[in-house]
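Hi everyone, thanks for making time.

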Amino acid sequence: MAITIKVNGVDLTVDVDGDTPLLWVLRDVLGMTGTKFGCGMALCGACTVHVDGVATRSCITTVDSIGTSEITTIEAIGATAAGAKIQKAWLDREVVQCGYCQSGQIMSASALLASNPHPTDSDIDDAMSGNICRCGTYVRIREAIKQAAQADGQGG
Amino acid sequence: MLLDSLISTAADSDGPSLVKGFSRRAFLQVGVAAGGGLLLSLSLPAANGEAEAADPVRFSPNAFIRIDGDGRVVLTMPYVEMGQGTYTAIPMLIAEELEVELKQVQLEHAPPDEKLYGNPLLAGVQATGNSNAVRASWQPLRQAGAIARTMLLSAAAKRWNVDPASCRAQSGEVLHAPTGRKLGYGELAADAAQLPVPDKVDLKGPADFKLIGTLAKRLDTPAKVNGTAVYGIDVRPVGVKIATLAQSPVFGGRLKSADDTAAKAVKGVRQIVRLDDAVAVVADHMGAAKKGLAALVIEWDDGPHAKLSTEDIASELEQATLNPGAVAQNIGDSDKAMASAATRVEATYQVPFLAHATMEPMNCTAHVRKDGCEIWIGTQVMARVQAAAAKTAGLPLDKVVVHNHLIGGGFGRRLETDGVVRAVQIAQHVDGPVKVVWTREEDIQHDMYRPTFFDRMSAGLDAKGMPVAWNHRFAGSSVIARWLPPGFNKGLDPDTTEGAIDLVYALPNMRVEYLRVEPPGIPTAFWRSVGPSHNVFVTESFIDELAAAAKQDPVAYRRALLDKAPRAKAVLDLAAEKAGWGQPLPQGAGRGVSLQFAFATYMAQVAEVEVSKDGAVRVRRVVCAVDCGTVVNPDTVQAQIQGGIIFGITAALHGEITLKDGRVEQSNFDTYQVLRIDEAPAIDVHIVESAEPPGGMGETGTSAIVPAIANAIFAATGKRLRRMPVDNSALKQPA
């Protein structure tokens with residue numbers, strides 16, 4: 001069936017079963033491969049996108065459940081204030097190792113910062129514990145979110 | 001192809017040692033690159049001298065330096081970036097001596113070419129692994145840079161008709177100070193290519209380093225924060241189909257039948273491919289492929305391992321250690337010393353199978369045609385991928401093109417080519433390219449696992465409690481015996497025993513024996529920190545047991561055995577000091593220490609854990625002191641240790657693959673848990689300044705943390721855990 005979804009501000013129509021997870025529509029049908037496959041069960045967070053600004057696991061979100069909601073992916077998160085701060089902090093703090101999980105980490109962190117400009121350690125744990133990093137970059141993820149939050153406080 | 005364009009004015013610098021400690025034959029060629037520039041190629045049998053020759057798991061480096069007419073400096077390297085920072089550290093080495101800015105260096109993946117990039121001593125393995133890229137490149141790549149710089153400088157001096165000594169190189173230019181003239185490397189490249197290769201160049205001393213030792217920014221990361229980085233799983237050749245597969249749930253089983261009626265009815269499903277021991281669904285997208293796979297009605301013939309369980313394997317290993325093994329280390333006379341010891345301590349240890357669980361699930365894209373084959377992948381072993389594809393497709397090697405990509409986690413998993421074989425098998429049935437993506441469940445249930453081991457330890461202590469005899473006998477799989485058969489000799493290999501035979505302590509009588517016992521049907525493979533991942537847990541737990549038996553402080557006890565190991569003693573002292581060793585902790589908390597020498601790096605760790613009344617273990621803080629010789633990029637060293645420690649905590653607290661009825665019981669991150677941010681401790685890394693050659697960094701943090709945790713649990717609870725992972729039920733306090 002033809003389904004139209006709005007991704008990064010653009011309406012796109014795809015012809016797939018309605019129960020197809022958004023992840024595969026993004027990656028395989030639309031060719032937006034920045035969003036990653038990790039587990040298929042919402043256990044690892046690699047596939048995180050924003051649906052109306054809320055961090056959402058695209059691997060268990062069916063394409064027919066999106067409706068008119070706006071989807072934002074890693075490819076466009078830099079255009080948001082929180083996303084740009086998070087990306088900069090990620091580079092400043094050299095968070096990334098293999099990088100495969102980092103799209104999802106950045107999407108979760110951006111959603112956190114957008115809704116909570118000054119997260120505590122406990123807020124960070126709550127928002128980020130759904131995102132696994134096998135390289136073990138957690139120490140730096142925490143630092144980078146704090147740096148981005150400080151940039152926020154300074155109006156930067 | 002670059003080699004084809006060489007005009008060989010080859011100089012074989014098999015003469016006097018170019019650099020202290022670098023005495024191996026070095027084959028250096030110089031010529032004109034395709035673009036008219038200077039091309040230097042290196043093929044070095046071994047980086048670290050004679051010791052390497054005896055050690056077949058060390059991999060030798062090979063590299064091209066190309067300086068184009070436009071001034072571009074291109075380094076073609078066989079090492080692949082999988083998060084360890086090699087795409088930054090390796091260019092730092094060459095840029096340092098070449099006198100170019102780091103941003104002026106560009107990297108190209110080496111093509112699969114065992115002749116060019118393989119280690120001749122290894123019969124040509126082109127691999128990234130064993131934490132050795134910087135170690136192996138340390139001399140040859142700096143030297144290559146220095147040779148290139150010297151030749152560029154000579155070319156400039158000749159053009160200006162001045163004394164080369166009056167010229168100097170800086171930021172990609174040669175300057176003539178007295179007249180202020182300057183020429184860019186690109187302008188000099190063609191001239192330099194005509195000059196003879198100097199047979200002696202001086203390398204900078206540490207005091208003159210401009211790049212080495214600095215916090216250089218990673219070169220590979222910007223694309224990894226905006227979604228543009230391309231991993232193997234992201235490739236999209238024109239017309240590519242997506243496939244996913246089910247392999248026989250029991251290793252060694254066969255596909256009996258697959259009813260595909262319902263699967264074929266799924267929208268987007270194109271084709272079902274039946275193999276001897278697997279079935280794949282080919283579709284327009286992974287969503288359809290997964291849905292199709294779920295709709296298949298599959299019957300398996302489980303084969304000979306249908307009843308296999310982890311308990312059977314453990315019991316076989318335990319039995320094996322009742323008999324003598326191949327002698328891996330024998331110092332003094334441990335039997336005699338044991339007989340006269342005042343006290344005797346005995347213990348047995350076990351470690352489980354572990355999966356790699358790289359965040360990027362296994363995948364490989366293949367396009368098989370009658371006359372050739374193309375592969376897209378992220379791999380640690382380019383040339384082996386080419387060979388595996390060629391063999392499976394029945395094609396000559398030169399008909400297989402391999403495109404390598406970024407790796408979403410290696411940890412040893414991508415030193416294997418089983419996924420390539422699968423992809424080619426499937427692609428042989430498909431018209432056009434097909435990307436074979438494993439589900440997480442397949443990835444975990446058909447991994448090639450860190451072997452399980454059973455260890456039998458005994459020690460004799462003198463009247464003061466110090467060890468006079470040390471016996472270690474263990475049984476388990478040898479990965480080397482399969483991965484690099486010539487490396488397995490007389491029942492031994494250098495990997496399986498690393499961390500068991502080369503202890504830092506002064507042990508006057510020591511005997512280590514190994515028994516190779518392969519688990520039936522279960523494939524085993526290298527896993528981050530390889531041999532030491534098992535041995536360091538055992539040896540550092542046992543030395544802790546000896547300290548306890550001697551009623552001595554664990555740090556003081558180790559320290560007393562380190563008079564001949566000053567670098568080990570220094571890291572132990574530093575870790576203890578920074579961790580506040582000996583200072584009081586709350587009830588239920590404890591500190592544990594570990595000390596190791598592995599991958600040519602000295603490391604001590606102090607873990608601080610708390611154990612709750614219900615037996616839950618939390619690692620609160622880890623302090624690590626490291627002496628890895630000369631530090632190329634201190635930030636990468638920090639990052640690798642932090643990550644390595646997290647990887648090891650996962651293993652200590654959660655990691656275990658078990659089998660029942662021949663099937664792996666874990667399947668996804670719910671049953672094979674990995675550490676999350678809310679469980680991650682604070683980690684302090686302290687680097688000891690050193691001018692020694694660099695040691696490996698990618699794996700050393702992983703092996704060192706596991707015993708530190710077990711020892712901390714002992715300090716907190718008095719309970720000695722001799723089997724990993726931590727058994728929380730054993731730590732539960734009675735109500």
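Predicted model: local features only at pLDDT ≥ 70, side-chain atom pairs only at ≥ 80, totals over all residues.

Now step back into helix 4 of chain B itself. It covers residues 133-160, which makes 28 residues, and at 1.5 Å a residue that should give a span of 40 Å. The end C-alpha atoms sit 39 Å apart, so the two figures agree. There is a kink, though: about 40° at Gln139(B), shortly before the proline Pro140(B).

Zooming out, chain B splits into domain 1 (11-208), domain 2 (232-303 + 362-437) and domain 3 (310-353 + 449-731). The centres of domain 2 and domain 3 of chain B, taken over C-alpha atoms, are 37 Å apart. Where those two touch, ten residues of domain 2 of chain B contact eight of domain 3 of chain B. The domain 2 side of that contact has five nonpolar, two polar and three charged residues.

Last stop, the two chains together. How many residues of chain A are in contact with chain B? It's 47, and they meet 47 residues of chain B. On the chain A side, helix 5 of chain A gives the most, with four residues. By class, that side of chain A has 24 nonpolar, 16 polar and seven charged residues.

Note on methods:
Residues numbered from 1 in each chain as written. Chains lettered and ligands numbered in written order. Helix = DSSP H or I, 4+ residues; strand = E, 2+ residues; numbered from the N terminus. Expected span 1.5 Å × (residues − 1). Bend = angle between axes of the 7 residues up to and from the residue. Domains from an automatic or database assignment. Contact = placed C-beta atoms within 7 Å. Nonpolar A, V, L, I, M, F, W, Y, C, P; charged D, E, K, R; others polar.
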